[in-house]
Amino acid sequence: MILFYQISIQLYAFGIRIASLFKPKAKLWVEGRQHLLQKIETTINNSENHVWFHCASLGEYEQAKPIIEKIKLEYPNYTILVTFFSPSGYELRKNDSLVDYAFYLPIDTISNATSFIELVNPKMVFFVKYEFWFNYILQLKARNIPTYLVSGVFRTDQLFFKWYGKWYKKVLNGFTHFFVQNEASKRLLNEHGFNNVTLSGDTRYDRVFENSLNPTELPLIAKFKENKLLMVGGSTWQPEEQILASFSNTGFKIIVAPHDISESHIKQIEHLFKNKCLRYSNATLENVLNESVLIIDNIGILSNIYQYSDVSLIGGGFSGSLHNILEPACFGNVVLFGSKHIKYHEAQELINQKGAFEINNETDFNTILDSLLENLDIYQKNSSNFVKNKIGATSKIVDYLKSN
């Protein structure tokens, strides 16, 4: 099975190379790994004490940031090295001033893992949430390098816990300690013989709460909303955009912030709204007030838009890839999303707290929204309190590091 894993990794890399001929993101993935080990060798300072964080993409990096910030305070003589698997993480955060070094992760072969770890020689290693690279983790264990999983989530349907995946469970033996998000994850690990587990919670709550304390003001958004309620479609895909286009409550203004901001997709959204909308790039303080629909055609301001909104419809819930619901929740938005959210336990928890609601179609959306309006302030308070009651994961992790 281990041989099968090694072959699978090589086939995956080959498939990405083929895809790079047609897809820009795959091309970045391939180009970013060309001569990567040589680049790392010539870039880093071997005399430094490196702490290595590995993040799959941008979302996992946001989970890592509170820990990075805390470690830089507690261990000022350490340098921070971050690797990314995905271009969407690396390309957006490679120049973050919080990080001393940022690289793509070389593909998980035995030779790459050995060379990378010998070059970096990390003092501590943190994998975020779902990253379980077999060769890297086993090489770290062989060198007795402290290796931690943070904001981890475990489910019975994962490969480790299947009868045919017992060989892969060896990768879990490579972790010094697990910091997990929920009781179900802790219980599952305990049932399989892993007692080096702390229920710390999710560092995302720390991150979004911290950001909510000092958001960037957006005068255009404030002017657009004025005295009406504001509905935001956050990181939307076509199902959410169709629902918003069917929404006709004149008490609301609508902002659509799509996940895909390509010109072709923006035009599709404009068509859905029969061109009765305004692009953010064309908005001014003079013309935005009279519009009822605003389309965000850039990246980077969505998390700050939520400070102005009352209700948010978050994308990905109809495909099983739900986007960030904590950012709107921490600003007291009532959050709506599609029903495919089984992998996102925070979604069900927020539903249980009556700060979020699941929808299946346009009828659901309108029915639920009508009922919300009767006690909107109560549901909004439920949402913001949910986040406030979840903060503290970062402190638990760093306190553990300091005492061990």
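Arg 93 is partly exposed, because its relative accessibility is 25%. The cut-offs: buried is under 20% relative accessible area, exposed is over 50%, and partly exposed lies in between, with a 1.4 Å probe and protein chains only.

A word on the source. This is a predicted model, where local features need pLDDT of at least 70, side-chain atom pairs count only at pLDDT 80 or more, and totals for chains, interfaces and linings use all residues. Residues are numbered from 1 along each chain as its sequence is written, and side-chain values use heavy atoms, with hydrogens and water left out.

Back to Arg 93. It sits in helix 5, residues 87–93. Helices here are DSSP runs of H or I with at least four residues, strands are runs of E with at least two, and both are numbered from the N terminus. Set aside neighbours within four places in sequence, and Arg 93 contacts Leu 58, Tyr 61, Glu 62 and Phe 84. Contact means heavy atoms within 4.5 Å. Take Glu 62: 31 residues separate it from Arg 93 in sequence, and the C-alpha to C-alpha distance is 9.9 Å.

Next, Asn 112. This one belongs to helix 6. Buried or exposed? Asn 112 counts as buried, because its relative accessibility is 16%. Not counting residues up to four places away in sequence, Asn 112 touches Leu 37, Pro 106, Ile 107 and Tyr 136.

Tyr 136 takes us to helix 7, residues 134–142. Phe 134, Asn 135, Tyr 136, Ile 137, Gln 139 and Leu 140 are its buried residues. What covers them? The cover includes helix 1, strand 1 (49–55), helix 6 (110–120), strand 4 (124–128) and strand 5 (147–152). Just after helix 7, Asn 144 has a positive phi of about 55 degrees.

Now the second largest pocket. Its space is about 470 Å³. How is that defined? On a 1 Å grid over the protein atoms alone, a cavity is a set of points where a 1.4 Å probe fits but cannot get out; a pocket is an open set with protein on both sides within 12 Å along at least five of seven lines, and lining residues have an atom within 4 Å of a point. Points are joined across faces, edges and corners, and volume is the space filled by probe spheres set on them.

The second largest pocket has 21 lining residues, and Tyr 130, Glu 131, Phe 132, Trp 133 and Tyr 168 are the closest to its centre. Which helix gives the largest share of the lining? Helix 1, residues 2–19, with 5 residues. By type, the lining has 16 nonpolar, 2 polar and 3 charged residues. Nonpolar covers Ala, Val, Leu, Ile, Met, Phe, Trp, Tyr, Cys and Pro; charged covers Asp, Glu, Lys and Arg; the others, Gly among them, are polar.

On to a helix pair. The axes of helix 9 (residues 203–213) and helix 17 (residues 376–388) come within 9 Å and cross at roughly 120 degrees. Axes are lines fitted to C-alpha atoms, for helices over the stretch in contact, and angles run from 0 to 180 degrees between N-to-C directions. Helix 9 and helix 17 are therefore oblique to each other. Under 35 degrees is roughly parallel, over 145 roughly antiparallel, 65 to 115 roughly perpendicular, and the rest oblique. Tyr 205, Val 208 and Phe 209 of helix 9 meet Phe 386, Val 387 and Lys 388 of helix 17. That contact has 5 nonpolar residues, no polar ones and 1 charged.

Last, a loop. Lys 274 lies between helix 12 (263–272) and strand 10 (278–279). Its phi is positive, near 55 degrees. Lys 274 is exposed, because its relative accessible area is 65%. Asn 275 is in the loop between helix 12 and strand 10 too, with a positive phi near 60 degrees. At 58% relative accessibility, Asn 275 counts as exposed.
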